[in-house]
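Please open the model in your viewer and keep a selection panel at hand. The tour goes from whole chains to single side chains, and each stop names what to select.

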Amino acid sequence: MRVAWKNQLTGYAFISPFVIGFLVFILVPSCVSLYLSFTSYDLFTSPRWIGLDNYKEMFFEDSKYWQSLKVTLIYVFMGVPLRLAFALAIAMLLNTAAKAVGVYRTIYYLPSIIGGSVAVSIMWRNIYGDEGIINGLLNFFGVDSVRWFAEPFAALWMLISLSVWQFGSSMLIFLAGLKNIPSELYEAAGVDGAGAVRRFFSITLPMLTPIMLFNTILQTIGAFLTFTPAYIISKGEGGPLDGTLLYSLYLFRQGFVYFDMGYASAMAWVMLIIVAIFTAILFATSKFWVHYESKEG
Amino acid sequence: MRYKPLKWTLYHVIAAGGALLMVYPVIWLLMSSFKPSAQIFQTAGSLIPSEWIWTNYSQGWQGIGGYGFGTFIKNSLVLVVLATIGAVLSSAFVAFGFARLKFFGSSFWFAIMMVTLMLPHDVTLVPQYIMFAKMDWLNSIKPIVVPAYFGAPFFIFLMIQFIRTIPSELDEAATIDGCGKFRLFYRIIIPLIAPALATASIFSFYWRWEDLIGPVLYLNKPSMYPVSMALKMYLDADTLSNWGAMFAMSIVSLVPVVAVFFAFQKHIVEGISTSGLK
């Protein structure tokens, strides 16, 4: 009996850093955040209970809130699918025995490694400048220059393209997945006379769906939380006309520029619920689109 | 497969063309950093500088806000090293507990950890700030460094996966020889999971080096700024005259990241392929 007790204690001793960290840095702050979302709080005076006022203001009065939710949803639902599509296309391109593949893989992956940095956001700001290389490229193909910093949607596109540019990490995950598909499947399909398109939709895509589920969830959450590029490219303002006011940036401005900590907390909880709903939908629908080895199919 | 020259050429044209397109912005940034500031956009179309100059680097290295760029690099390194040591060691410790020890509630805490992995950190941003403000930790690196010592879910997950590939006969043999769990951990498991420790260290380095929100919230004096904040200062003072310096220091800030990438590429690729990191 004493030994069993000792085993319990040893187990908890090992996971104690996580348990303590979870309680102190996540669970308690989350509860505090929930409480603050029902208050008006500016950090200097004590919180004042205002019930649902923050949520009412958010949903019914604050047009900036809806704008930031809108640009975030556009950012997530254009950025993530495009990123995954590029990742899959290039992974299939590189899934051959060609000698140069290692070099290509490195180059395609490099943007993922540097993409989150301030330096790359600064670079992105400048390649989209009025005289930048993107406009140069457009002009080369006979298209007029776009004023990327004047049009809200054009400015949002800068952020989306920056996110798509970093498809390399998903590409590596897909590459690992592609290597695990037994080649007998393709051989059998070839004998049955299935063409390339058919093979892609009947073998490649279904076999990758388990990886895709995990990947899509993490990429979607990551996209919802994007902060650095929006902060750097719009110089902290979210402009033009709130075109790049991503949710995290607006939350940051409410909390740490206007010091409306109650409102920022309410925003954070709505974000948590939105993310939880998307994750739940992806999991709940996964039995219809994720292919598992054990099942027939 | 039969050798088909046409198909082979087409393949490499597409793959290399795409690769060139991907790195073109970075090459443009690099080349621009050697051009005089006034020429960067006048000659944006031509990639190679007509004359190569180093003044952007010497001017940029003198820094901004009264501090040399070397100070910012030193600040970044302090943050990176302290946070990485904490995150990697504590995560390994926790991972061993989850992967090898049987105790009541372990699957509950494992589930909590997996949920934490997916929790949007925005939720804790405001209350953590308030907490650190009450503790009088603002304007110090403590709010950024200390939480790292309580394990990072991504790294814990990565290391659990790795520890599970180690045969448990090894543990049993050591236990029969009278080796306690703590000794088992640091004498046998730690050396065996060195590759996973390396992968976690590399990713911790990347995330800390590029982190912006932490320094924006907690560091308010230029003397404490890491590289990411220094670059932001260049941007805020964005005038024609210092574009060159800003580009040059952007390149400088990317050098360690790219160097680590090329030095440890194998660890990185394996880390991502096996656990879906980043």
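Predicted model: local features only at pLDDT ≥ 70, side-chain atom pairs only at ≥ 80, totals over all residues.

Residues are numbered from 1 along each chain as its sequence is written, chains are lettered from A and ligands numbered from 1 in the order in which they are written, and side-chain values use heavy atoms, with hydrogens and water left out.

**Chain A**

Select chain A and colour by secondary structure: there are 13 helices and two strands, where helices (H or I, at least four residues) and strands (E, at least two) are DSSP runs numbered from the N terminus. Its C-alpha trace spans about 80 × 75 × 35 Å along the principal axes. Of the 297 residues in chain A, 54% are buried; buried means under 20% relative accessible area, exposed over 50%, and partly exposed in between, with a 1.4 Å probe and protein chains only. The accessible surface of this chain comes to about 13600 Å², 67% of it belonging to carbon and sulfur atoms, as computed by the Shrake-Rupley method with a 1.4 Å probe, where for residues only the protein chains shown count as cover.

**The interface**

Now show both chains and select the residues in contact (heavy atoms within 4.5 Å): 84 residues of chain A meet 87 residues of chain B. Together the two chains bury about 7700 Å², 80% of it on carbon and sulfur atoms, buried area being the accessible area (1.4 Å probe) that two parts lose on being put together, summed over both. Pick F14(A), F18(A) and F25(A), which supply 11% of the area that chain A buries against chain B, more than any other three residues.

**Salt bridges**

Select D242(A) and K64(A), whose side chains meet at 3.1 Å, N to O. D242(A) lies in the loop between α11 (228-233) and α12 (247-257) and K64(A) in helix α3 (residues 63-94) of chain A, so the pair ties together parts that are 178 residues apart in sequence. D242(A) is buried at 17% relative accessible area, while K64(A) is partly exposed at 32%.

In chain B, go to D171(B) and R100(B), with the closest N and O atoms 2.5 Å apart; both residues are buried. Because D171(B) lies in helix α8 (residues 169-176) and R100(B) in helix α3 of chain B, this pair joins parts that are 71 residues apart in sequence.

Then select K232(B) and D236(B), a salt bridge at 2.8 Å, N to O. Both lie in helix α12 (residues 227-236) of chain B, four residues apart, about one turn of the helix.

**A patch and the cysteines**

Select V78(B), V81(B), L82(B), I85(B), L89(B) and Y149(B), a nonpolar surface patch with about 490 Å² of accessible area together. V78(B) lies in helix α3 (residues 69-100) of chain B and is partly exposed at 37%.

Finally, select the cysteines: a search of the whole structure finds zero disulfides over all chains, a disulfide being a pair of cysteine sulfur atoms within 2.5 Å. C31(A) is partly exposed at 46%, and C179(B) is buried at 15%.

Technical notes: Patch = residues over 30% accessible without salt bridge, like charges linked within 9 Å, V, L, I, M, F, W, Y side chains within 5 Å. Salt bridge = Lys/Arg side-chain N within 4 Å of Asp/Glu carboxyl O.
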